[in-house]
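Subject: Structure handover

Hello,

Here is the structure I said I would pass on. Please open it next to this email and follow the residue numbers as you read.

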Amino acid sequence: MSQHFKAHLSNIMPVAATAGPVNRWSFVDFFDKVLIAQATVAPHFWPGAGMARPIPGLPDDSAWDGVEVIGGHPVLWRGNELLVGATNDYTTWIPVGTTASTARAPILDAFVQPDVGSTTDWIRLDDPDDTFVVGQFARIDLDSADPEIATFNFYTVEAATDQQGSETSHADWSVSYSPGETGYLVTELFSEFASEGFLAIDGRVTELNILGRSSGVSFASAIMADAPVPTVGQTTSIVLEDIPTLEVGDVVSISTVSGAMYRDMYEVTAITGVQILVKRLALGTDQKTSGVFTAASPVTYVVKAPWIKVENLGETTVIVPAGASIGGTFAVKLKNLGYTGSVPPGTMIPSGSILDSVVANSAAYLVNAGSEINGDIYAVTALGEYGYILKERSIQSLQVIDAPGVPFAIRLEVPGLGPIAKNAWCPLYVEQTVQGLFFVGKDDLFMYAGGQVVQPVGRVHSQQFFQELDRARADEIVCRQFPNLRQVWVVYPQLKSVTKRVLIYNTEDNSIVLDDYSEMLGGLSGLGQVDWEIAPTWNDLTSSQIWSTETLRWFEYSEEGEQQRTLVGVKGDLPNIELGEDPTARIPRILLHGRVYYRLSAADCLPPGQGGYRCIAETHDYDFGAEANFKYTDGVELAIDTGGVDPGVPSRLWAQLGGRSNLDDELRWTDAVPISTRGGRNLVTKVALRMSGRYIRLRLYSDDPGAKWRVSRWTILARLGGTY
């Protein structure tokens, strides 16, 4: 029984998907997000409002068949592949077994997102809490509320500096370094720089790599003997008044001005007592090109200058302007990995964004193949503390071990058996907890609660089910449990049938009924449940209720509260002219099962008693233990309960017997015989029905609105014949 209703639906997917009997949607709750997968679109997540966004961190934007969460790990699958995310993290899918360092720092330079596979220029960092190292994975999170902008940007560190020191200024002259050239930078202050890394000039990170730096010890002394002035690149020996606290490689300034550090620059190449050997550099503001350094008036002084020795490792000339600011800094170059969720190339990444290393995790990429487990993955599902991989010919368990790069231990539990198709299964809930699985196997219906044992169910009817099933269209099977009804519904494609049949398995009674839907509905496309407020229609109210002045809520006129109702989605129903629908169109609808007696929109406005839905209960074929013999029936004895209510209008139950000589023959039916169900009573009655055949079945049905009946017992009266 069903009723059409209209619902206002909001689209949350920004991309189109290709629907079909195989390409069904997969949804799973993940903290405050919903993860979404479907075989023709990239996986998305829905933040609870607005539009869904692509799941970040995936290697590419390819589609995956489904998504599940096992032990905190989000899991995607397609074919025989599994992609496992980090624990409790839907944004990290990069398997990182060892983290060289766990670093985090704001970036000081805005930069333009490079092309995929390309590298940024140097990006300064604001004092990370640890060191970034070359080769490690990192990401920048942009916490944007705009659904059109992705949130996560993934990189590898292509180059990194690890230096810091007091910022100082270069001497008052300009100097340049060609690619590969080595030289000195003379500064105004002694500063402690790391012995390796790159310098920032006026706040911009350069390719000037530090080869060495001066100590923080100053020195100044007068010379004791005249010495000739060398040409650039040549050396001279100088005797000092004081024992020098200098090192080979230090840079000194030689001039007649006491304490001056930038007049004429020389490199110390040797030290012997108070004697030093110096080589003239082409540096300084007052270079002496000839003559001698004098010990008498005017006295010549040797003064240590702060210096940094550098090498240009870049491919372009680096110019250091006069008086430029020189600073030690942390900086990185980042290679854009192009993972999903990354902003498009050309987008500006703002300064202040946080660069994070991707820490060690148990994300993994797995190929699920091997002895007795080959074939496509139909589904991955959680059951208790374990996950299970369902294939056509195997069921495997996943136990969380969370070793780096190895999140699960995989064990073959059931060889040679699994669901007949991708969607021929469903979880079984008890008190909102999954306690087992139901699936359609290759030759039976099964329940599975883990381990190595499966339980066949409903075998009385499974023979008929598999005779009717069109195995070539097994991907069209839909399974769904309705826990409050203790039912599992199986929608399946049939051979040689104009109806759409649903097998309904009662998990409590281990019984099965078959429910037929008209071909005019275009086929069933989905099943679900909804909390439905019980309320009458306007036409159901009496005159006193219609004109009542009482302040009542709508449902208080008859039934109260809410009930869970079953929803059935159909591909194309007949139009309802009364509602202004196109008479030539097929209208996709959601049907509310269990409310009224008809299922087609065309019947919505029919007078009472017309368009009633036919409710059928039908047994399987009986051979009475003698399959080869013909049986000749005389009738059926029925024990009927009519519910104890007299509907006040004619209400009938109809009985028929069907027979056939072979199971692949068409059924022959007797004329239907009516049995009145009026009067609200329990009764035992006998109905004369004559039929012959090796196989006999009983059909009971009614289509009168208001008819209520239950059959507690039936007996088919027959005699045994020959085998001809």
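Below are the findings, from the whole chain down to single residues. Please keep in mind that the model is predicted.

Overall picture

The protein has 724 residues, and 46% of them count as buried. Its secondary structure consists of two helices and 57 strands. Taking contacts between residues at least 6 apart in sequence, 66% join residues at least 24 apart. The accessible surface is about 34,100 Å², and carbon and sulfur atoms account for 50% of that area.

In soluble globular proteins, nonpolar side chains tend to be buried together. Here the largest nonpolar core holds 24 residues, of which V75, L82, V380, I395, F439 and Y448 touch the most other members. Several strands supply at least two residues each to this core, including β7 (73-78), β8 (81-84), β34 and β36 (394-403). What does L82 touch, leaving out residues up to four places away in sequence? The list is V75, L76, W77, A364, Y365, L366, I377, V380 and I389. Another core lies apart from the largest one; its 21 residues include L428, A474, V488 and Y505.

An enclosed strand

Strand β30 covers residues 330-336. Six of its seven residues are buried, so β30 is largely enclosed by the rest of the structure. With β11 (residues 123-125) the pairing is antiparallel and runs over three bridges; in it, L125 stands opposite F330. With β13 (residues 152-162) the pairing is also antiparallel, over seven bridges, and K333 is the bridge partner of A159.

Salt bridges

The whole structure contains 22 salt bridges. Three of them are described here.

- D141 and R139 meet through their side chains, at 3.4 Å from N to O. D141 is partly exposed, at 27% relative accessibility, whereas R139 is buried, at 14%.
- E476 pairs with R473, with the closest N and O atoms 3.1 Å apart. Both count as partly exposed: E476 has 28% relative accessibility and R473 has 27%.
- E618 and R699 meet at 3.0 Å, N to O. E618 lies in strand β49 (residues 615-618) and R699 in strand β56 (residues 695-702), so this pair ties together parts that are 81 residues apart in sequence. E618 is partly exposed, with a relative accessible area of 25%. Salt bridges that share partners join E618, D621, R660, R697 and R699 into one network.

Backbone details

Which two residues does a cis peptide bond join? They are S297 and P298, and omega there is about -10°. P298 sits in the loop between β25 (292-293) and β26 (301-305).

For E372, phi is near 70°, and its place is the loop between β33 (364-367) and β34 (379-383). Are these residues buried or exposed? F31 counts as exposed because its relative accessibility is 63%, and residues over 50% are called exposed. E372 is exposed as well, with a relative accessible area of 53%.

Regards

Conventions
Residues are numbered from 1 along each chain as its sequence is written. This is a predicted model: local features need pLDDT of at least 70, side-chain atom pairs count only at pLDDT 80 or more; totals for chains, interfaces and linings use all residues. Side-chain values use heavy atoms; hydrogens and water are left out. Helices (H or I, at least four residues) and strands (E, at least two) are DSSP runs, numbered from the N terminus. Buried means under 20% relative accessible area, exposed over 50%, partly exposed in between (1.4 Å probe, protein chains only). A nonpolar core is a set of buried Ala, Val, Leu, Ile, Met, Phe, Trp, Tyr and Cys residues joined through side-chain atoms within 4.5 Å. Contact means heavy atoms within 4.5 Å. Two strands pair if DSSP finds at least two bridges between them. Accessible areas come from the Shrake-Rupley method with a 1.4 Å probe; for residues, only the protein chains shown count as cover. A salt bridge is a side-chain nitrogen of Lys or Arg within 4 Å of a carboxyl oxygen of Asp or Glu.
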